[in-house]
Amino acid sequence: MPATVSYEVTDGIAVITIDNPPVNAMSAAVRKGCWEALDRLAADDTARAAVLICAGRTFIAGADITEFDKPIVDPWLPDVVEKFEASEKPVVAAIHGTALGGGLETAMGCHYRCALPTARVGLPEVHLGLLPGATGTQRLPRLSGARKALEMMTSGRQVGAAEALESGIIEKIVEGDLRAGAIAWARELLDGGAPLKRVSQLEIHDAADMDDEFYAEYEQQLARKARGFFAPFQIVKCVRAAVNESYSDAFRTERRLFDECKESTHSQAQRHLFFAEREVAKIPDVPKTTPVRDINSVAVIGAGTMGGGIAMNFVNAGIPVTVLEVDQAGLERGLGVIRKNYGVAVDKGRMTEAQLEQAMGMITPTTDYAGVAGADLVIEAVFENMEIKKQVFTKLDGVCKQGAILASNTSSLDLNEIAVVTKRPGDVIGMHFFAPANIMKLLEIVRGEQTAADVIATAMATAKKIRKVGVLVGVCFGFVGNRMFFPYIREAQLMMLEGIPPERVDRVAYDWGMAMGPHAVMDLSGLDVFYKLNNEWRERPDDPVYCRMINVLTEMGRQGQKTGAGTYRYEGRKAVPDPEVMEIARREAQALGVRQIEVSDEEIIERLLYSMINEGARVLEEGIAIRPGDIDVIFVNGYGMPRYRGGPMKYADMAGIDNVLAAVEKYRARYGDLWWTPAPLLEQLARSGSSFQAWSRNR
Ligand code: 3H9
C-alpha cells in the first residue's frame, strides 16, 4: 500500500488514514491506497467497520487539481467513491478542517459522516469551472435536498458543521478527539444494528415540485449572478438529471457534463487562476522566512475617496487608523464619506449601529503631521502629482518613527523618485489600491529600487491581513495594471474617431465578459483622471491621435458620470448614447485625417485585448511583473476581467501566441509601428511555438 494511505485495526474497527500533505488531495496514489485499503477491509476478519480519517490540517480538499491536465490514472475518483459505498462493512468518514469537492464526495460515498464542530464542507468545483464529478451532483441532493445542493454547488459555498448536520450532510458532530470519537461512534452504529446507509439509494426528499418553471427561474437568476460562466448551468442539468433519472443514468450524465467542463477553456482558465493566485505570494528573492515588521497602527495621508476607502480596510481588520488632511473641512468631508459608506452596510443589515460607531471610533482625525509620527505604516493617498507627493514624503521623513513603512498609493508615478526625497528609501514602497478601495480585491505592491526585503514581505502580509490580493510589481509608468490598461483605452478611443460608437465597443467588451466596457469605465473613473494621467506620462510618444477624445471631452467639462456627461450622457446613473459626441468625434477625425472604417466584433476584441497583451509581453521582458500569472491575477481582481478568461496572458496562451502575433502584425500594417510593433517576447514565443506559461516555467 502506498505510504500515503495507512490501515490499522483498533478493537475491531479499521482506521484508514490518508496522509498526503499539504491538503490530502485525492491524487492517484491516494486513490490507489484507498482502493487497496477497502480490499483489505473486506478480507479482514478482525475488522467489522472502518473509519476514514486524514492526517495533518484537513480532511481531503478534493481531487488533485494538478492531474486534470494529464491522462487519467486508474482508479478514477468516481470509482473509488462507489467502492466506499459498496463496502459490506460500514465506513464512517471523520472530518476535520475542510471536506471539499472530491473530499466531500468521498465522505458521501461512506455510510456515515461525523465532523469536528470547526469543520466545513462544500463542493467548490464551480470555482474551477468544473462540476462535482465524482457523484457529488447525485449524492448531495439525496442528503441535503436538491434545492440546497443546487445552491451550494452553483455558488461553491461551504457550510459549517452545524449547518451540515442540520441539513443532513453529516450525521454527527464529535467534540474533542475526532479519531476516538469516530471509532466509538462506529462501534455504536454496529451495536445498534444501524443499516448500511448507501446515499445513492436514498430518495431526494424535495423533488416533488421541481418542474420546468423552477429550473427556468433558477437559470435566470444564475444568468445574473454568474453571467457568462459555463459550469453553473451544467450543474443545474446534473441536478435535473438527479431528480428525473435513475441514479445510474444521472451518474452517466454527470460524467459527460463533467468532461465537457474539464475540457472547456473556462475551466482551463479558472484552474490556472487557482494556482496563479497562490503563486503570486511567492517572491523569488524574498523567501518565506523573511522577517515582517509589526503593523499595529496605520496612518493615511489624504481623506479623499481613495484615502477614506484605504482607511476602511484597516479599520475592518481591527487596526486603528489616523487620517490626515490639510484642513478641518477636508477631514470632516472625508470622515463623512466613510460614515456614509458604513451607513450603507447598516442599511443592508451587514453591520449594526453600534459596530458603525465602533468602527468610526477607530479613526483618529488630524491636520497635524505630528499625529502620524507613531504609525507603523503610513499610506500617502494625495493628489496624483509628483511635486505634491515629494512634499508629503519629505514631511513624513521628518516626523515618522524609525522603522515605519512609508507607502505611496500612486497609480502611475515613479516610486524611486519619490523614495529618494527621504533618508530611508529602503522603507518606501508603493501600495496601489483600486477604487473603490474598500471593495476592490487587488493591491499592487510596488517595489522600488531600494525597497528592503522585509518591507516587501510586510506589505504582502498586510495585503493578506486586510483581505486583498497583493501582487508585487516593479516601477514603470502605470506599473502593470494601468500600463497594460492604457493600450486598451487607447484603442477604444481610436475606434471612436474611426466612427465606431462607444456603446457598440462597450457592448462587445461586456459580452466578452468584462464587468463594464472601456468607455463606461472611463466615465465612471472620470475622463479628467485619464486626462491627467496622460499628461503625467513623460515618455508618451508624440501622437496627436492618442486618446484625443479624452482631451476634447474633458476640456469641454464632460468629465464622466460625476458631471452628468462624459462619453455618454447620464440620466441619473443610466448611460445614454450621445449623438453629439459622435459628431465631435467625426469632426476631430476629419481634422486629424483618421479614416472612418467598418469593423467586426472580432476586431474590436482583438484590438482591445491584443494591444494589452503585447504590452504585457514587454512588462514580462522588463521584469516589471514576476510571472504571466501575476498579470492575470491583477486583471481579474482589479479590472473586471471575467475569471473564465483566465486573465490576458492566459487568454493569449489559449488563443495561441502565433494567432496573437499575426493579429498584431495585421494592425501594425494598418496603423504603423508606433503602437503595434510586436514585443520581442511575443515574437520569440510565436517562433518557438511556446506560450507565456511555458516560458515562465522554463526560465
Ligand atoms: C474536484 O474535487 C473534482 C471532483 O469533483 C471530480 C473529480 C473527478 N489539488 O490554498 P492553500 C495546494 S476539484 C492540488 O494555500 P489554505 C495549493 O496549490 C477540487 N493542490 O492553503 C497550495 O500549494 P502550494 C475541489 C491543491 O490552507 C497548497 O495546496 N476542491 C489542492 O489557504 C495549500 O493550499 C477545491 O477546489 C488540490 N485540490 O486553504 C479545494 N488544494 O503550497 C481547493 C490545494 O504549492 N483548495 N492545493 O502553493 C482550497 O480551497 C484550499 O487549498 C484549502 C486550504 C481550503 C483546502
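Modeller: What follows starts with the ring pairs and then moves on to rings under charged groups, the strands, some backbone details and a pocket.

The model is predicted, so every value below is computed from predicted coordinates. A search of the whole structure turns up 19 aromatic pairs. One of them joins Phe485 and Tyr639, whose ring centres lie 5.0 Å apart with 45° between the planes, a tilted arrangement. Phe485 belongs to helix α18, which covers residues 481-497, while Tyr639 sits in the loop between α25 (628-638) and α26 (648-655), so this contact ties together parts that are 154 residues apart in sequence. Phe485 and Tyr639 are both buried. The rings of Trp537 and Trp675 also make a pair, with centres 6.4 Å apart and planes at 45°, and it is therefore tilted. Here Trp537 comes from the loop between α21 (527-536) and α22 (548-555) and Trp675 from helix α28 (residues 673-676), so the parts tied together are 138 residues apart in sequence. With a relative accessibility of 18%, Trp537 counts as buried, the cut-off for that class being under 20%. Phe485 and Tyr639 also belong to a cluster linked by ring pairs, in which they are joined by Phe434, Tyr488 and Phe635.

Rings also take part in contacts with charged groups. The charged end of Arg147 is placed over the ring of Phe214, 5.0 Å from the ring centre, and the charged end of Arg227 is placed over the ring of Tyr510, 3.4 Å from its centre.

Turning to the strands, an open sheet is formed by 6 strands in the order β1-β2-β3-β4-β6-β9, with mixed pairing. Its edges are β1 (5-10) and β9 (172-173), each of which has a single partner strand, so that one side of each is left without a neighbour in the sheet. Within this order, β4 (residues 91-95) and β6 (residues 112-115) run parallel and are joined by 4 bridges, and the partner of Val92 in β6 is Tyr112.

Another pair of strands is formed by β16 (residues 442-446) and β17, which pair in the parallel sense over 5 bridges; in β17, Val473 is the bridge partner of Val446. In strand β17 (residues 469-473), 5 of the 5 residues are buried, so the strand is largely enclosed by the rest of the structure. Val469, Val471 and Val473 point one way from β17, whereas Gly470 and Leu472 point the other way, and all are buried.

Arg467, in the loop between α17 (453-465) and β17, has a positive phi of about 60° although it is not a glycine, and Arg467 is exposed, with a relative accessible area of 66%. Cys547 likewise has a positive phi, near 45°, in a residue other than glycine. Cys547 is located in the loop between α21 and α22 and is buried, with a relative accessible area of 2%. The peptide bond from Ala435 to Pro436 is cis, with omega near -10°, and Pro436 is found in the loop between β15 (428-433) and β16. A cis bond also runs from Asp74 to Pro75, with omega near -5°, and Pro75 lies in the loop between β3 (49-54) and α2 (77-86).

Finally, the second largest pocket has a volume of about 1000 Å³. It is lined by 39 residues, of which Met312, Asn316, Asn341, Tyr342 and Asn438 are the closest to its centre. The elements that contribute two or more residues to this lining are α12 (305-316), α13 (328-347) and α14 (353-361), and α13 gives the most, with 10 residues. Sorted by class, the lining holds 17 nonpolar, 12 polar and 10 charged residues.

Notes:
Residues are numbered from 1 along each chain as its sequence is written. This is a predicted model: local features need pLDDT of at least 70, side-chain atom pairs count only at pLDDT 80 or more; totals for chains, interfaces and linings use all residues. Side-chain values use heavy atoms; hydrogens and water are left out. On a 1 Å grid over the protein atoms alone, a cavity is a set of points where a 1.4 Å probe fits but cannot get out, and a pocket is an open set with protein on both sides within 12 Å along at least five of seven lines; lining residues have an atom within 4 Å of a point. Grid points are joined across faces, edges and corners, and a volume is the space filled by probe spheres set on the points. Ala, Val, Leu, Ile, Met, Phe, Trp, Tyr, Cys and Pro count as nonpolar, Asp, Glu, Lys and Arg as charged, and the others, Gly among them, as polar. Rings of Phe, Tyr and Trp (its six-membered ring) pair if their centres lie within 6.5 Å; planes under 30 degrees apart count as stacked, over 60 as edge-to-face and the rest as tilted. Buried means under 20% relative accessible area, exposed over 50%, partly exposed in between (1.4 Å probe, protein chains only). A charge sits over a ring if NZ of Lys or CZ of Arg is within 6 Å of the ring centre and within 35 degrees of the ring normal. Two strands pair if DSSP finds at least two bridges between them.
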